[in-house]
Amino acid sequence: MKFGLFLELSVSRPATPEAEARVFRHSVQDAVLADKLGFDHVWVVEHHFLAEYSHSGAPEVLLGALATATKQIRLGHGVVVCVPEINHPVRVAERIAVLDILSDGRVDFGTGRSSTWTELGGFYGDPDTTKQSWSEYVETIPRMWNSPLFSHQGVTFSIPERQILPRPIQLPHPPMWVAVSSPGTEIDAAERGLGWLGVNFSGYDALAVRIEKYRAIQAELELDPAFRRQNNTVYTVNFLYCHEDADYAAERGGRLATEFQYLADQNLHTREVVVTPAYPTLGGIPTIAQRDAGSEKSKGVPEGACVGTPDQIVETIERWQSIGVDGINFIINSAECLDAEEARRSINLFAEKVAPRLKPGVVTLAGA
Amino acid sequence: MPLDGLNQIDRSRAGQLGQAVARRPTASMPATVLQLAMEAPIELCRELLPPALHPLTPGVLVIMAYEVAATAERGSFRTVEVGIQCRAGARARRYVLGAAIDDPTVAADMESRWGYRSTVADIKLQRRYERIDLTVESGRTVLQASLLAPMPVTPSAVLYVGGLRPVIAAGQPWIAQFERVFEISRADRGRPAVTELDSGFWTDGETDGLKATEPISGSFTRADVTLNPTRFLIEPGRSRAADTRRLADVIG
């Protein structure tokens, strides 16, 4: 079992320059701590215009800082929005490669297409073509890194013959992932040999069926080894609040989950307002509704959340493991609804009393 | 800091929900339905929503027009709503600011049975090969909007979110669920355009600043529409979490 942090860079209103700077500073400190505690990944999301929910408009810059501030932890650049109006594919290839060099081969490349009109509309992106542009990026970027000269006449972008520089350390490419929220995206991932980077919250049963399908497709996949390396890994996202007192953990973890979902509720999902078959679901909204239904007894803690005592969290993670999940990325704070030190006590306790029982060989630094 | 609505429901402009309330769904009505979604200033949306609801970023103005066919039980009539897309708790909803109906009998029935206030106005919905035009006139033109370049699309691409309306029930202001069920048999989509929007008319004089800014998307469907009875009310003043009650528990 592998563990990571998801850094959303959420900032409560009013987002003063001081508040934003504090969130960025704390996020760097959290990543450095996770590195020391033996976490496997730290992911920095890319979002634009999502006030409060995520102020992470330039993740490549933050990841550059983390490349020098950390030693072992892998740096997840993800997900990069694979839409030409937002990120030109050559610029994506270049910055992933630079980050891989600076981090000595520690980059993971997450891909996606954005689920919100807030973002797509802000760049005048066309929701009809984002799945196509994402697919084109995923296919061509590894070729950019493994061809002496590259040219492409495509559907969503074209490039005359050029040398794409620099190349990443990890060849044929850093591990590649795709953000999976809508049912069906896991099939897109499997057909392309991409890791499953879960970005919304779902229950055990629904996920188990989808993982089974994903694995079956991956098992029959053949990729050109000159350009592609298969990633058959399933990571899900989760909240983490670990405390010796179960009631206290539920109260604080519930607050964390509620705050996060509240911020997410402000985003305008493409499906809600754009008439297109390209976005068949509302993204995270149905999951939020499920949380509401169970909130009376669970204090806002969704099913399967890593909230509770060390024993409770071990049990929860073992259940995720049993349905085929290989790793979990944790959200440990949201718009600083928890004091930064309180969130760090939670991950310290997790590293001391949970991780070693699920992941032999983990480094534990109690009190780090 | 929560991004909640700031408006208090004006009792004089809310419909009354009493014992005459509809207890069962209407018969299915064959209709054509035009829906236009445009971006709108978020601060304005915030000023027009009650605290129990919160706007989205960016703000979204939604215009919906229905033309019910002559074969329907009540005969042919047209209705237009102007509203704001929002959240009630975690749920996607559309808060109706103002409505117009072209048939006084239907308007009166809607008010007494659903607490749905509207203004009687002339409504025209005209389909042309390259556009669908909507015009509402009430002494002057209060809305002129179009769906440009309509093209067929799978009906499942169209989403109608549940509506909400301000009402008075048991002497207190509430937000009432206004739930229609659509069985869509054909759908077109296109680009929305709003050339005239009389803010004072659609907000009952509350603001003259309501406007559509950027176009988002629009649809024109043929659907069988059923209007369900109002079952739930939301307490309008409580922020961040929608406090929902059964209508039957409120009015008996």
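Of the 170 residues in the largest nonpolar core, those touching the most other members are L5(A), V42(A), F239(A), F330(A) and V60(B). Such a core is a set of buried Ala, Val, Leu, Ile, Met, Phe, Trp, Tyr and Cys residues joined through C-beta atoms within 7 Å; a residue counts as buried if 20 or more other C-beta atoms lie within 10 Å of its own, as exposed if 12 or fewer do, and as partly exposed in between, with C-beta atoms placed from the backbone. The structure is a predicted model, in which local features need pLDDT of at least 70 and side-chain atom pairs count only at pLDDT 80 or more, whereas totals for chains, interfaces and linings use all residues. Residues are numbered from 1 along each chain as its sequence is written, and chains are lettered from A and ligands numbered from 1 in the order in which they are written.

The model scores ipTM 0.92 and pTM 0.92. For chain B the mean pLDDT (the predictor's confidence in each residue, from 0 to 100) is 94, and 98% of the residues reach 70 or more.

Chain A contains 14 helices and 11 strands, assigned as DSSP runs (helices H or I, at least four residues; strands E, at least two) and numbered from the N terminus. The radius of gyration of chain A, taken over C-alpha atoms, is 20 Å, close to the 21 Å that the globule rule (2.2 Å times the number of residues to the power 0.38) gives for 368 residues, so chain A is as compact as a globular protein of that length. Its C-alpha atoms fill a box of roughly 60 × 45 × 45 Å along the principal axes, and 52% of the 368 residues are buried.

Chain B has four helices and 16 strands. Its radius of gyration is 17 Å, close to the 18 Å given by the globule rule for 252 residues, so chain B is as compact as a globular protein of that length. The C-alpha trace of chain B spans about 50 × 40 × 40 Å along its principal axes, and buried residues make up 47% of the 252 residues. Among contacts (C-beta atoms, placed from the backbone, within 7 Å) between residues at least 6 apart in sequence, 70% in chain B join residues at least 24 apart; the corresponding value for chain A is 75%.

The contact between the chains takes 25 residues from chain A and 27 residues from chain B. On the side of chain A that touches chain B, the elements giving two or more residues are α4 (117-122), α8 (246-265), α9 (270-273) and α10 (285-293), with α10(A) giving the most, four residues. Excluding residues up to four places away in sequence, V60(B) touches L268(A) and V273(A) in chain A, and A37(B), E39(B), A40(B), I84(B), Q85(B) and I216(B) in chain B.

Within helix α2 of chain B (residues 104-114), A107(B), M110(B) and W114(B) are buried. Seen down the axis of α2(B), the directions from the axis to the C-beta atoms of these buried residues fall within an arc of 80°, so the residues line one face of the helix. P104(B) and T105(B), on the other side of α2(B), are exposed. The cover over the buried residues includes β6 (91-101), β7 (119-120) and β12 (172-178) of chain B. Just after α2(B), G115(B) takes a positive phi of about 65°.

G171(B) lies in the loop between β11 (162-169) and β12 of chain B. This residue is exposed, with 8 other C-beta atoms within 10 Å. The C-alpha atoms of G171(B) and I251(B) are separated by 9.5 Å, although the two residues are 80 residues apart along the chain.

Note on methods
Contact = placed C-beta atoms within 7 Å.
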